[in-house]
Amino acid sequence: MTRPVVLFAEELSPATIEVFGDDADIRHVDGTDRAALLSAVGTADALLVRSATQVDAEVFAAAPELKVVARAGVGLDNVDVPAATTAGVMVINAPTSNIVSAAELAVTLILASLRNLSRADASVKAGRWDRKQLTGVELLGKTVGVVGFGRIGQLVAERLAPFGVQLLAYDPYVNHTRAAELGARVVELDELMRETDVLTVHMPRTAETEGMIGAEQFALAKPNLHVINAARGGLIDEDALHEALTAGRIAGAALDVYSSEPPTSSPSAAKLLELDNVTLTPHLGASTAEAQEKAGVAVAHSVRLALAGELVPDAVNVAGGAMDDLVRPGVALSDRLGQLFTALAGEAPELLDVVVCGEIASRDVTALKLSALRGVFRNVVTEQVSYVNAPVMADERGITVQLLTEENSGRFRNVIRIRGTLRNGEVVSVSGTLSGVEQAQKLVEVAGHPLDVPLSDHLMVIRYDDGPGLIGQYGAQLGEAGINIAGMQVSRAGDAPGAEALVILNLDQSVPRELVDRIGESISAHMIHGVDLVY
């Protein structure tokens with residue numbers, strides 16, 4: 001039996017290589033040497049990289065035997081995932097390899113900011129002895145606000161508890177019981193900003209979270225507040241942070257990530273380099289020997305699974321493993337319906353049903369449940385969501401997940417429905433189907449309103465009391481912003497004038513959150529969301 005060729009394009013640990021044993025033909029190439037990479041990848045079944053090797057459409061075109069690309073780390077900036085998917089190549093990373101390192105760095109930055117460590121180090125190295133000017137404050141007794149209470153946020157909370165702090169948590173998707181077990185009280189963001197002495201941010205960067213800590217939030221803060229960001233650049237408005245620091249509205253900050261990296265490439269971030277009360281590090285969250293070792297070993301095990309045709313825990317673009325041909329097209333649809341559900345719900349449900357209707361209901365549709373969960377969480381947690389850790393995330397948040405099947409699919413051949421019950425009893429549902437020879441994704445129901453509209457990359461979902469001239473109002477506002485409406489469907493709850501209407505707009509691009517809010521106010525919308533869907 002021919003052994004698969006596993007190509008290492010960058011240096012990884014001996015332990016990573018040992019995972020393959022004698023079951024693979026291990027080869028090496030310098031991934032930064034483009035010509036050498038394109039030549040070597042031609043016979044490779046698997047390609048392992050870190051961050052220096054660019055894996056794009058040209059690489060996939062040169063690799064007819066390639067089945068899997070593995071990035072020994074969290075990010076995938078150097079791997080063209082859509083091109084890989086088009087080429088039928090599985091993409092794997094190591095989503096949890098650095099969570100301990102990231103949490104430890106956040107705690108380190110908290111202590112460094114409170115005790116002025118960067119200024120103290122510079123002072124001594126410059127031959128000064130500025131003890132009086134560098135008096136810090138203790139962490140004991142302080143209130144620490146954790147914005148984003150996923151796995152990393154919880155690890156930070158666990159590590160801070162022995163310091164004798166009071167913990168507050170803000171996260172619309174956090175399980176209150178789990179937070180209480182870690183000694184944290186769940187509050188709204190405004191309350192957290194008013195009460196917190198130390199703010200540490202652990203959210204993903206999305207259209208909803210970008211700039212979430214800005215001038216409005218700093219206006220609520222105590223003057224002794226220290227702000228920490230070891231998660232994602234852009235979560236904190238750097239201009240507002242600079243203004244708050246220079247005006248004395250807050251005491252200090254410590255940052256490992258920036259809206260643009262390095263920070264010298266961004267005017268707003270570069271201004272922070274001039275301030276004495278800011279501690280800056282060069283994106284060191286995953287830069288520990290242990291994190292790098294874990295990443296290499298983890299992806300090596302996943303590559304072995306992929307080459308054996310088994311379900312891969314950390315596959316980013318495909319579920320992997322054996323799957324019924326009738327079920328496979330629904331994987332991407334389930335993921336995108338999960339994303340849409342989360343955008344509309346705005347919080348974690350207590351109960352989540354993944355309902356599969358039609359002829360595929362008699363097949364093994366477990367992959368559709370996993371894909372739906374992956375979609376539900378992919379934009380609300382910092383870590384990469386995979387088919388295996390998505391159920392764990394649901395369990396951690398106290399979400400009961402059910403996979404239900406029904407033979408009757410109504411007016412469509414097959415339907416996938418994501419239905420969740422929120423804490424207040426409200427039920428949010430979205431349904432989709434695949435249509436035609438090309439298996440085009442369609443949205444067929446939202447919140448009980450029947451639809452038949454393409455599930456495009458950029459949507460606006462609006463619910464309001466119908467009336468004359470309203471479509472013209474938001475159509476004009478989108479037009480003024482240069483956003484084209486590619487398609488539209490209106491579903492009204494009844495025939496009576498003024499009945500509630502649900503509108504789905506297919507757009508050619510994303511809609512800024514400010515414009516979404518402005519449109520909602522202008523038409524007195526009951527609900528309005530701009531939603532970007534990926535897969």
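Modeller: A residue is called buried under 20% relative accessible area, exposed over 50%, and partly exposed in between, using a 1.4 Å probe and protein chains only. The model is predicted, so local features need pLDDT of at least 70 and side-chain atom pairs count only at pLDDT 80 or more, while totals for chains, interfaces and linings use all residues. Residues are numbered from 1 along each chain as its sequence is written, and side-chain values use heavy atoms, with hydrogens and water left out.

The residue I pick is Asn-414, which counts as buried because its relative accessibility is 17%. Asn-414 belongs to strand E15, residues 414-421. Strands (E, at least two residues) and helices (H or I, at least four) are DSSP runs, numbered from the N terminus. The side chain of Asn-414 reaches the backbone nitrogen of Glu-359 at 2.9 Å. This is a polar contact: a pair of N or O atoms within 3.5 Å where, within protein, one must be able to donate a hydrogen and the other to accept it, and residues adjacent in sequence count only if both atoms are side-chain atoms. Contact in general means heavy atoms within 4.5 Å. Neighbours within four places in sequence aside, Asn-414 is in contact with Cys-357, Gly-358, Glu-359, Ile-360, Ser-409, Gly-432 and Thr-433.

Thr-53 sits in the loop between strand E3 (46-49) and helix H3 (57-61). With a relative accessible area of 0%, Thr-53 is buried. Its side chain and that of Glu-10 are joined by a polar contact of 2.9 Å. Residues up to four places away in sequence not counted, Thr-53 touches Ala-9, Glu-10, Gly-31, Thr-32, Leu-37 and Asn-78.

Now for the chain. Its secondary structure comes to 18 helices and 22 strands. The chain has a radius of gyration of 25 Å, close to the 24 Å that the globule rule gives for 535 residues, so it is as compact as a globular protein of that length. The radius is taken over C-alpha atoms, and the rule is 2.2 Å times the number of residues to the power 0.38. Along its principal axes, the C-alpha trace spans about 80 × 70 × 45 Å. Of the 535 residues, 51% are buried. Among contacts between residues at least 6 apart in sequence, 65% join residues at least 24 apart.
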